[in-house]
Amino acid sequence: MTRILIIIALLVGTSLSAQVYPKDWHLKFSTQDTTLGIDLENAIKNNPKPANSSTVIVAVIDDGIDIQHEDLKNNIWVNKKEIPGNSVDDDLNGYVDDINGWDFIGGSEKDVEYDNLELTRLLRDYQKKFGTKTKKDISKSEKAEFAKFKELEKIHAKKYAEAESYYNSYKNVKTYLDALKMELGTTDVSVEKLEKFEPTKNESKIGRNIVLSTTAKQNIPPARVFKEFEDIHNYFYSVYQYHLNLKYDPRYIIGDDYTNTSNKSYGNNEVKGPDGEHGSHVGGIIGAIRNNGIGMNGVVADVQIMVIRVVPNGDERDKDVANAIRYAVDNGAKVINMSFGKAYSFNKTIVDDAVKYAESKDVLLIHAAGNDSKNIDKESNYPTPFYADGKRCSTWIEVGASDRNQQPAEFSNFGSKTVNVFAPGVEIYSTVPNNKYESLSGTSMASPVTAGLAGLIRSYYPNLTAAQVKAVIENSSIKPTQKVSIPGSKKKTKYKKLCTTGGIINADAALKAAASVK
Ligand SMILES: [Ca+2]
Ligand SMILES: [Ca+2]
Ligand SMILES: [Ca+2]
Ligand SMILES: [Ca+2]
């Protein structure tokens, strides 16, 4: 859900799309029109598919995917060992009628749509534990935990007050834009028409001024201004009503024993969920059907996308993430995309154990670095590639976002020890539910570009190990030598200081490198 934060940053800062991005820029590499993507189309031309190539399964752990989408449908994984709709777990994998994947945040009546931030859940647990105790009631052994409780309480209170104030101001903006929309009868209106339009209501007049000034400032059409403000309003509504609301806990919907972390039999088999925009977009970047004359091209052609839903509108839970990784590994995924993250961890051990399991089974994990313009060597964005003992998972690639000029995106997280590579993640055009398409920005988009490339290499060269594929992607990345802006700062640095390789992934170089691995 961090896309909204990017939009807000851009609305108050610079332009949302000062530069128009061609819809398939991330697959090109052309200095003539500066579309410095991953050079996929040349990669495929220059590197013929080997005879022993095979279909690769890529799991998308996200908020669900519209498996009926016209440009995804034929590339969705089908569990052939499972007979659909007979209420029997035919393949005995622990999940009944799991045909396209699994929804770990679904219940028997409905799915979880909203959840808290991990911050809220942690604070609620501390409140239960310490109640109204004050410092003088606390034993020596509880001192550190009590201090943590007080720290989280402070952080939460500040965020809650902020959310309330943002929510109220965007609620007003929504009132103005809704009034204008009502008078216009549509949001699909040109700037010229809107300039000439004389609203009758005062609220609509204010709305018209907001749309016209934002259109001019951001260089985006009025329809998009309506949509962005609607998204921002909805975002702050969810933050205020759900993410930070200590009284809201939706886990009852699922009906699992939440405290039993070894339990994996819960959820449902309907994988789109109530939203699915984020997951569908991610899935399309990896494997939308190539060259079929509709929509857009995914990175890898010979692919099946396994759909695993764990991300609500709010923070995903560690138990679900761990079970999702294990599901993907046990059911044949060779690459797992993880375009999610959170600032606090509830149970890092169970996630680490699942990551170790994936590592032991030769599965690649691709993770988005996050969109807070921060150095994640210093502030963690969970899940992290590092285990408790400081060792790093050998089959994990952490990905930052770059733009069409090979610059790091201004929202991207970075870290010379944690982030491995950068990949295109600005204005990426891909599939969203109901046969629609949209351009979105975020490391959430850079991660599946990389997962797509990992899938492509594993489909071309099935004998390479996950660690070899990781090395190929890293070593073949393009290393820009010019200084670039540190995200969120005016200071300049080299890419080498932003990630371990100092590189942006490149499909042509990667396939060449992969061909010569012995
Ligand atoms: Ca099953
Ligand atoms: Ca069945
Ligand atoms: Ca569901
Ligand atoms: Ca297509």
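Which backbone nitrogen lies 2.9 Å from a polar atom of the side chain of N413? The backbone nitrogen of K374 does. This note starts from that residue. The model is predicted.

1. **N413, a buried loop residue.** N413 sits in the loop between β8 (396-402) and β9 (421-424). N413 counts as buried because its relative accessibility is 0%. The N413 side chain has two backbone partners to look at. One is the nitrogen of K374, at 2.9 Å. Another is the backbone oxygen of A369, reached at 2.8 Å. Leaving aside neighbours within four places in sequence, N413 is in contact with A369, G370, N371, D372, S373, K374, I376, G400, V419 and F422.

2. **S430, a buried strand residue.** S430 belongs to strand β10 (residues 428-432). S430 has 0% relative accessibility, so it counts as buried. Its side chain reaches the backbone oxygen of H281 at 2.8 Å. A polar atom of that side chain also lies 3.2 Å from the backbone nitrogen of I285. With neighbours within four places in sequence set aside, the contacts of S430 are S280, H281, G284, I285, M296, K436, Y437 and E438. Two of these names return below: M296 at a calcium site, and E438 in a salt bridge.

3. **Calcium ion (ligand 4).** The donors are D71 (OD), D71 (OD), I289 (O), N292 (OD1), I294 (O) and M296 (O), at 2.3 to 2.6 Å. Along the chain, the donor residues are spaced D-x217-I-x2-N-x1-I-x1-M. D71 is in the loop between β3 (56-62) and β4 (101-103), and I289 is in the loop between α8 (277-287) and β5 (303-309), so this pair ties together parts 218 residues apart in sequence. D71 is buried, at 0% relative accessible area. I289 also counts as buried, at 15% relative accessibility.

4. **Calcium ion (ligand 1).** Here E82 (OE), D89 (OD), D91 (OD), N93 (OD1), Y95 (O) and D98 (OD) coordinate the ion at 2.2 to 2.4 Å. Their spacing in sequence is E-x6-D-x1-D-x1-N-x1-Y-x2-D. E82 and Y95 are both placed in the loop between β3 and β4, so the pair ties together parts 13 residues apart in sequence. E82 and Y95 are buried.

5. E438 pairs with K227, with the closest N and O atoms 3.9 Å apart. This pair links distant parts of the chain: E438 is in strand β11 (residues 436-440) and K227 in helix α7 (residues 222-243), 211 residues apart. K227 is partly exposed, at 31% relative accessible area. K348 and D352 make another salt bridge, their closest N and O atoms being 3.1 Å apart. Both residues are in helix α10 (residues 348-360); they are 4 residues apart, so about one helical turn separates them. K348 is partly exposed, with a relative accessible area of 25%. D352 counts as buried, at 7% relative accessibility.

6. **A salt-bridge network.** D115, E118, R121, R124, D249, R317, D318 and K342 are linked in a network of salt bridges. One of its links joins D115 to R121, with the closest N and O atoms 3.2 Å apart. Both D115 and R121 are buried.

7. **Nonpolar cores.** In soluble globular proteins, nonpolar side chains tend to be buried together. The largest nonpolar core here holds 58 residues. Within it, L453, I457, I473 and I505 touch the most other members. Helix α11 (residues 443-460) gives the most to this core, with 9 residues. Another core lies apart from it, with 37 residues, including I57, A59, V310 and F340. Not counting residues up to four places away in sequence, I457 touches L464, V469, V472, I473, A510, L511 and A514.

Notes:
Residues are numbered from 1 along each chain as its sequence is written. Chains are lettered from A and ligands numbered from 1 in the order in which they are written. This is a predicted model: local features need pLDDT of at least 70, side-chain atom pairs count only at pLDDT 80 or more; totals for chains, interfaces and linings use all residues. Side-chain values use heavy atoms; hydrogens and water are left out. A nonpolar core is a set of buried Ala, Val, Leu, Ile, Met, Phe, Trp, Tyr and Cys residues joined through side-chain atoms within 4.5 Å. Buried means under 20% relative accessible area, exposed over 50%, partly exposed in between (1.4 Å probe, protein chains only). Helices (H or I, at least four residues) and strands (E, at least two) are DSSP runs, numbered from the N terminus. Contact means heavy atoms within 4.5 Å. A salt bridge is a side-chain nitrogen of Lys or Arg within 4 Å of a carboxyl oxygen of Asp or Glu. Donors are N, O and S atoms within 2.8 Å of the metal (3.2 Å for Na, K and Ca); water is not among the atoms, so sites may look incomplete. A polar contact is a pair of N or O atoms within 3.5 Å; within protein, one must be able to donate a hydrogen and the other to accept it, and residues adjacent in sequence count only if both atoms are side-chain atoms.
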